[in-house]
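Dear colleague,

I am passing on the structure below, followed by notes on what I found in it. Please read them with the model open beside you.

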Amino acid sequence: MDETDRCIINRLQGGFPLVESPFLEVAAEFGMAEANLIRRIAALRASGVLSRFGPMYDAKALGGAFTLCAMSVPCERFDEVTELVNARDEVAHNYERDHELNMWFVLATETPEQIPQTIEAIEADTGLQVLDLPKLDEYFLELRLVA
């Protein structure tokens, strides 16, 4: 990752323009062509430097729901279960923790009723119990990571 990529990552963590050609507008800030900016972002995603590029939506404000889930996954099945869980569109992100509950992920659904349905489906797919940890309070942190 070069210095331009670092600047692009730092720039795209907030204030992405809501205009007809947002990549064109951001590219102009860096004095580069729109296609070059898009190519750089695609390369960062392909290399794994960026795991995700896209908007974050408040599912609840849109009539949906989200919840934090945890599972205790046998080490020898971790990759298999990760693949099954991540195959679901409702899984926003998934990560491993050094704990008895070693897999944590967020579900975001279009309706509140889909949360228990999705959990049941994951339990059926994996044969493992999912612990549902619904949000009690909300805090806005606006996390940004300097590249």
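Which residues of H5 are buried? They are Ile 115, Thr 118, Ile 119, Ile 122 and Thr 126, where buried means under 20% relative accessible area and exposed over 50%, with partly exposed in between (1.4 Å probe, protein chains only). Seen down the axis of H5, these buried residues fall within an arc of 100°, so they line one face of the helix; the arc is that of the directions from the helix axis to the C-beta atoms.

Before going further, please note that this is a predicted model, in which local features need pLDDT of at least 70 and side-chain atom pairs count only at pLDDT 80 or more, while totals for chains, interfaces and linings use all residues. Residues are numbered from 1 along each chain as its sequence is written, and side-chain values use heavy atoms, with hydrogens and water left out. Helices (H or I, at least four residues) and strands (E, at least two) are DSSP runs, numbered from the N terminus.

Helix H5 comprises residues 114-126. The buried residues of H5 pack against strand S1 (65-71), helix H4 (78-86), S3 and strand S4 (130-133), whereas Gln 117, Glu 120 and Ala 124 are exposed on the other side of H5. Just after the helix, Gly 127 takes a positive phi of about 75°.

Helix H3 (residues 34-47) can be described in a similar way. Its buried residues are Leu 37, Arg 40, Ile 41 and Leu 44, and they cover an arc of only 95° around the axis, which puts them on the same side of H3. The face turned away from that buried side carries the exposed residues Ala 35 and Ala 46, and what covers the buried residues includes helix H1 (3-11) and helix H2 (22-29). H3 is followed by Gly 48, whose phi is positive, near 90°.

H1 and H3 pack at an angle of about 90°, with their axes 11 Å apart. The two helices are therefore roughly perpendicular to each other, a label that covers angles of 65 to 115 degrees. Their contact (heavy atoms within 4.5 Å) is made by Thr 4, Asp 5, Ile 8 and Ile 9 of H1 and by Leu 37, Arg 40, Ile 41 and Leu 44 of H3.

Finally, Asn 102, in the loop between strand S2 (91-96) and strand S3 (103-109), is buried, with a relative accessible area of 7%. Not counting residues up to four places away in sequence, Asn 102 touches Met 71, Ser 72, Val 73, Phe 78, Tyr 95, Glu 96 and Arg 97.

Definitions and conventions. Expected span 1.5 Å × (residues − 1). Axes fitted to C-alpha atoms, helices over the stretch in contact; angles between N-to-C directions. Parallel < 35°, antiparallel > 145°, perpendicular 65-115°, else oblique.
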